[in-house]
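Before you use this model for further calculations, here are some notes on how its two chains are built and where they meet. Please read them with the coordinates open beside the text.

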Amino acid sequence: MSSLIWLILLSVALGGGALVLFLWSLQAGQYEDPEGAARRILFDP
Amino acid sequence: MSLAGVQGAEPLGLSSCLHCGLPSQGTKFCCPGCHAAYDVIHALGLGGYYASRLLDPAQRALKPEQAERTDLARRIVTAPDGTNTLTLAVDGLQCGACVWLIESILARQPDLQSARVNMTTRRLRLIWHGDPALAQQFCAAVEQLGYRLVPFDAACLYAAADATGSMLMRALAVAAFAAGNVMLISLGTWIGATQNMGPATRDLMHWVSALIAMPAIAYAGMAFYRSAFAALRHGRTNMDVPVSIGVVLVTSISLWQTIGGGTHAYFDSAVTLLFFLLVGRVLDHRARQRARATAEQLLILRATDVAVLQPDGTLHRVPPEHVALGARIVAAMGERIGVDGILLHRPALMDASLVTGEALPEKLQPGARVFAGTLNLGEAATVEATATGNATLLAECVRLIEAAEQARGRFVILADRVARLYAPAVHICAATTFLFWWVLLQRPFVASLLTAAAVLIVTCPCALALAVPAVQVIATSRLFRVGILLKSPTALERLARVDTIVFDKTGTLTDPILGLAVGTDPEQLRLAASLAAGSRHPLCRALVRAAGNVPPAPGVAEIPGRGMELQTPQGPVRLGSPAFCGVQDDETNVAGPRLCLSQPGRKVVSFRFREQLRPGAAEMVRSLRRRHLRLEILSGDHAGPVANIAAQLGDIPFLAEQSPVAKLHRIEELRAAGRNVLMAGDGLNDGPCLAAADVSASPASAADVSQTVADVVFQGQSLGPITIILGVARRAGMVMRQNLALSLCYNAVMLPLAMCGYVTPWLAAAAMSGSSLLVMANSARLARSKS
């Protein structure tokens, strides 16, 4: 039973972590220029 | 979109400019501007640009031009700490290498803090400290390479509208997180139910589901609740009403089950439903946002400032709305006049086709009225502003448009019409089920309520709510790929019902660029075109187009207001007005505007221009007639030219010399007769009609107002897009109906099962996802069908 609780907590924490990361990347404007981001990697800074 | 490498071999022995890729006459560069740009790029050690770029023929060529300096100062946003921000629309971006080149060039500006190009929206954002006037220097650095920069208001529509986009994205993320986790836990309970899972464990699982699902449902469903609430408050109903009621009821019943330690909880169904619906919403929003941003970009790039004559004789460029009454405006040759006013000093040749619909330019005498949007074809003209801003003819048209838009009323989309019948039907079924089980079968209250809840869940209109948006997404992006911008969410459905098409003549059926009237000696035409290639005058552009791809001759000088001149060892070669070429200007001849070419020792030849049909016009009329659509021409031009065009297209009924109000009445008359009218027009005088018709289309060359009002904007010269739009709209309408039929079939099967109490949570979840996927798969067929 206690393993179940740990596993549930773990899965929620993993999912929640991914959610927070996604919201952060959205906030940071990482989806504002998908086309440019795809092409930028072809050029050295 | 085909991409051509600039360094590819030229099979016809023609050479192309090393910088812009346009044809050049055997030389490395087509013009000194390109040569200079090439040297600048190499001097900065950025020569790698040429090797890695791909030229996109759909974009403006990278040819440096004498830019009209616009007033940047007003567009710069200065923060209290002295940080300046300027956003500019970039014209001429070819590929990722251009982004790199612009950013690298700007990185060498010591004062600039950050320069970032957004390739998706084609915007450049500059951030720097200190003197705002540095903006000129930054822009000049980019413009010398051949890009064109136009500043625009950062508070423009795009940024505002995309608050919705990121709100939807956040909601989708939350729904995805919740759906994933709740589904994982629910799977445990479904399997546990067959493996003798204890009630304590099951309750724990339900509680965890509830804790994850409830905040997610409250947050992610906001868009639906808001829309449903707004509809209900106005006494209407739409697809979001049954969705909201379903989600809220299912969640409350599940919560109640969880508290009471019941066997069934449906949190997973509610969250998955929201997730699927949000996927549809986000895709739909993206596709249309892209179309709208592109349409906006077209307008921004055309926004021009007005040159105001200062007391000291200098010219100062300001936006049209900042011109004072009585100010004197100077319009150069080939420039549009930005205000209403009175012509001063000299007669001028003006093209008012965008304003009145008259195709041929008119010679105006001093004292004549000119309107905003008129194109100056002759020498630089001075105009005294008599009306600006709200008082112009333009503003008058905008008011007519607003009135017409209100009269059009709200079009009720197909899905909402279905929802009107569907929502009450579903809720009556659920209530009947409950009463039947509780009163007639004497079942316990809770069990009866659960069966009724199952009815609500399986009928939750997931597939139904996706039926229309899924099709819209695919149709919108499909049209986008061929340069057709669908701006309104309901345009597709309105287009599918069109049975009458009304065309404006000038600029819509006919080309905005005049055509060459009579056959001339090809050799002289090529010579004239090589002189004309350096000019932006409309007649020169028409000439260049008639001659095909002729490279500009080196050493041509443009004499403002008169013409082009090329010095040769034999003497000057001139292209321009008759007076410039030394012949009598026969004013009496109304056959159209003309350009003369004089060469040393040869007779002066003249090139006459007239209106010509847009390419694809005849094919379009034939194909529309095959579909039994009724066609009509409404024009502000004189009867003669309109009759001529109507006859060329195969005797289309026409009405000529129509004022904007008369045009509007005609559209209203047609609509009153029960016809579904598509109006295609480009002029200022068509604006009210575009707003009044059931659905409207404008070419990208149209007046700004018309383009803003139109539901559809199509790019390019050809009229072919009209046929494509109607074809895609018809097929989209068909697929939408199939989708609705599919989801109704699904309900017809699931509803009796649910009413009899056979539906358990896992069956509900599986059936719901299955029907959503089926509808999406059916919509995807639209992307693959031929146009």
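1. One cut-off is needed at the outset: a residue is taken as buried if 20 or more other C-beta atoms lie within 10 Å of its own, as exposed if there are 12 or fewer, and as partly exposed in between, with C-beta atoms placed from the backbone. The model is a predicted one, and what follows should be read with that in mind.

2. Two residues deserve a look at their backbone angles, because most residues other than glycine have a negative phi. In B:H628 phi is near 60°, which is positive although the residue is not glycine, and this histidine is found in the loop that runs between α19 (617-626) and β25 (630-634) of chain B. Is B:H628 buried or exposed? Since there are 7 C-beta neighbours inside 10 Å, B:H628 counts as exposed.

3. The other residue is B:E657, again not a glycine, with a positive phi of about 50°. B:E657 sits in the loop between β26 (654-655) and α21 (660-672) of chain B, and because 14 C-beta neighbours lie inside 10 Å, B:E657 is classed as partly exposed.

4. As for the overall make-up, chain A has two helices and zero strands, and its C-alpha trace spans about 55 × 20 × 15 Å along the principal axes. Of the 45 residues in chain A, buried ones make up 2%. Chain B holds 25 helices and 29 strands, and in that chain buried residues account for 46% of the 787 residues. Where contacts in chain B have a separation of 6 or more, 68% of them join residues 24 or more positions apart.

5. How many residues of chain A are in contact with chain B? There are 19 residues on the side of chain A, and they are in contact with 21 residues of chain B. On the chain A side, α1 (2-27) and α2 (34-40) each supply at least two residues, with α1(A) giving the most, namely ten residues. Sorted by class, the side of chain A that touches chain B comprises ten nonpolar, four polar and five charged residues.

6. The largest nonpolar core has 134 residues, and those with the most contacts inside it are B:A175, B:V271 and B:L274. Apart from neighbours within four places in sequence, B:A175 is in contact with B:A216, B:A220, B:V271, B:L274, B:F275 and B:L278. There is also a second, separate core, made of 36 residues, which includes B:C98, B:V99, B:A135 and B:C139.

7. One sheet of chain B is open and consists of six strands in the order β9-β8-β10-β16-β11-β14, with antiparallel pairing. The edge strands of this sheet are β9 (315-318) and β14 (369-370) of chain B, each of which pairs on one side only. Within the sheet, β11 (residues 340-343) and β16 (residues 381-387) of chain B pair in the antiparallel sense over four bridges, and the bridge partner of B:L343 in β16(B) is B:V383.

8. Another open sheet of chain B has seven strands in the order β17-β29-β28-β27-β18-β25-β26, and here the pairing is mixed. Because β17 (484-486) and β26 of chain B stand at the edges with a single partner strand each, one side of each is left without a neighbour in the sheet. In this sheet β28 (residues 695-699) and β29 (residues 712-714) of chain B pair in the parallel sense over three bridges, where B:S698 has B:V713 of β29(B) as its bridge partner. Helix α24 (residues 720-755) of chain B lies across β17, β27 (677-680), β28 and β29 of chain B, and runs at about 45° to β17(B).

9. Finally, a helix pair: α8 (residues 240-259) and α13 (residues 445-458) of chain B pack at an angle of about 145°, with their axes 10 Å apart, and the crossing of α8(B) and α13(B) is left-handed. From α8(B), the residues B:G246, B:L249, B:V250 and B:I253 meet B:L449, B:A453, B:L456 and B:I457 in α13(B). By class, this contact of α8(B) with α13(B) has seven nonpolar residues, one polar residue and no charged residues.

Note on methods:
Residues numbered from 1 in each chain as written. Chains lettered and ligands numbered in written order. Predicted model: local features only at pLDDT ≥ 70, side-chain atom pairs only at ≥ 80, totals over all residues. Pairing = 2+ DSSP bridges. Axes fitted to C-alpha atoms, helices over the stretch in contact; angles between N-to-C directions. Left-handed = near helix turned anticlockwise from the far one by under 90°. Contact = placed C-beta atoms within 7 Å. Nonpolar A, V, L, I, M, F, W, Y, C, P; charged D, E, K, R; others polar. Core = buried A, V, L, I, M, F, W, Y, C linked by C-beta atoms within 7 Å.
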